[in-house]
Amino acid sequence: MRAADEVAGDGGGAAEPGVLELGLPAPVRADGLPRRVRIHEVGARDGLQNEKAVVPTAVKAEFVHRLADAGLGTVEATSFVRPSWVPQLADAAELMPLLADLAGRDPAVRLPVLVPNERGLERALDLGVREIAVFGSATESFARANLNRTVAQSLEMFEPVVARAGQEGLAVRGYLSMCFGDPWEGPVPPAQVAAVARRLYAMGCTELSLGDTIGVATPGQVAALLDELTGSDGPIPVERLAVHFHDTYGQALANTLAALQRGVTVVDASAGGLGGCPYAKSATGNLATEDLVWMLDGLGIDTGVDLDRLSATSVWMAEQLGRPSPSRTVRALTHREQ
Ligand code: MG
């Protein structure tokens, strides 16, 4: 039942009051924020890899196309980890050819893929991948849980991957997990994160994504970590830094704003809020791309994303998965159809 119908009783012709009728926030610029933000969309990889029911390859291909059509210029497509580790993404080699038209667009849609090791990189190169990501950890506990290695061993594993990717002219994103808190170790000191980040940067990563994997960060911590990373002791240029927040405690947008105020212009988000973290108990997942775009639109920051098209895509994906999107913006924009 449409809410407007209940009120007006005339088949939905009456206008609902307020912002929902506008569909978009009225932009008001704030000082000290970037003019443009590049959203690194992770729904198809980070989002789906936490879904138990395997999504058909054709549905994934349509999802990525819809995301690109909504204006997302960077869509992380899949992962070349061993299929037995992440069965959901075992179809990477079948999926990538279905996305070839996107790489041929002008401008080309960037389609990074996760690779764990040299074998994964070779598989990705064979399929014409131009951009990869490696998945590191700021803490020993998570490195052991997720990679079955120490932090040092995982960096040794990445080194030849990043070197080879560099020789091939590929962009390489280094993910850094547990940058703020770790479920086994508690708060993570900025200097500890910075030590791993600097290793990844020095070995040739072209971008580092700072992950709040269990969603415990608050804005002061975000500012402190960014100050540590861009500070005088082996600074990493802020242009090379991205942020990856989870909304477990409702802090993802506040943390994003803190990062923007420190000059970060690349923000990770997942359409419809897809995906959680298996190591966070309540596992409210990734920052929803729609929630992010709503805030950035409101701040007059250009993202190139059409919020209505993106929201419709997330509603469609939620139907494929059989449950509603957790994104508040998706719900607010589409409640009349639900
Ligand atoms: Mg995530």
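Cysteine 205 is buried, with a relative accessible area of 3%. Buried denotes under 20% relative accessible area, exposed over 50%, and partly exposed in between (1.4 Å probe, protein chains only). Cysteine 179 is likewise buried, at 2%. The structure holds 0 disulfides, a disulfide being a pair of cysteine sulfur atoms within 2.5 Å.

The model is predicted: local features need pLDDT of at least 70, side-chain atom pairs count only at pLDDT 80 or more, and totals for chains, interfaces and linings use all residues. Residues are numbered from 1 along each chain as its sequence is written, and side-chain values use heavy atoms, with hydrogens and water left out.

A magnesium ion is coordinated at 2.1 to 2.2 Å by Asp46 (OD), His244 (NE2), His246 (NE2) and Asn286 (OD1). Donors are N, O and S atoms within 2.8 Å of the metal (3.2 Å for Na, K and Ca); water is not among the atoms, so sites may look incomplete. Along the chain, the donor spacing is D-x197-H-x1-H-x39-N. Histidine 244, in strand 10 (residues 241-244), and asparagine 286, in the loop between strand 11 (266-269) and helix 13 (289-298), are 42 residues apart. Helices (H or I, at least four residues) and strands (E, at least two) are DSSP runs, numbered from the N terminus. Histidine 244 is buried at 8% relative accessible area. Asparagine 286 is buried at 4%.

Helix 4 (residues 57-69) has 13 residues. Its buried residues include Val59, Phe63, Val64 and Leu67. Just after helix 4, glycine 71 takes a positive phi of about 105°.

Methods:
The expected span of a helix is 1.5 Å times one less than its number of residues.
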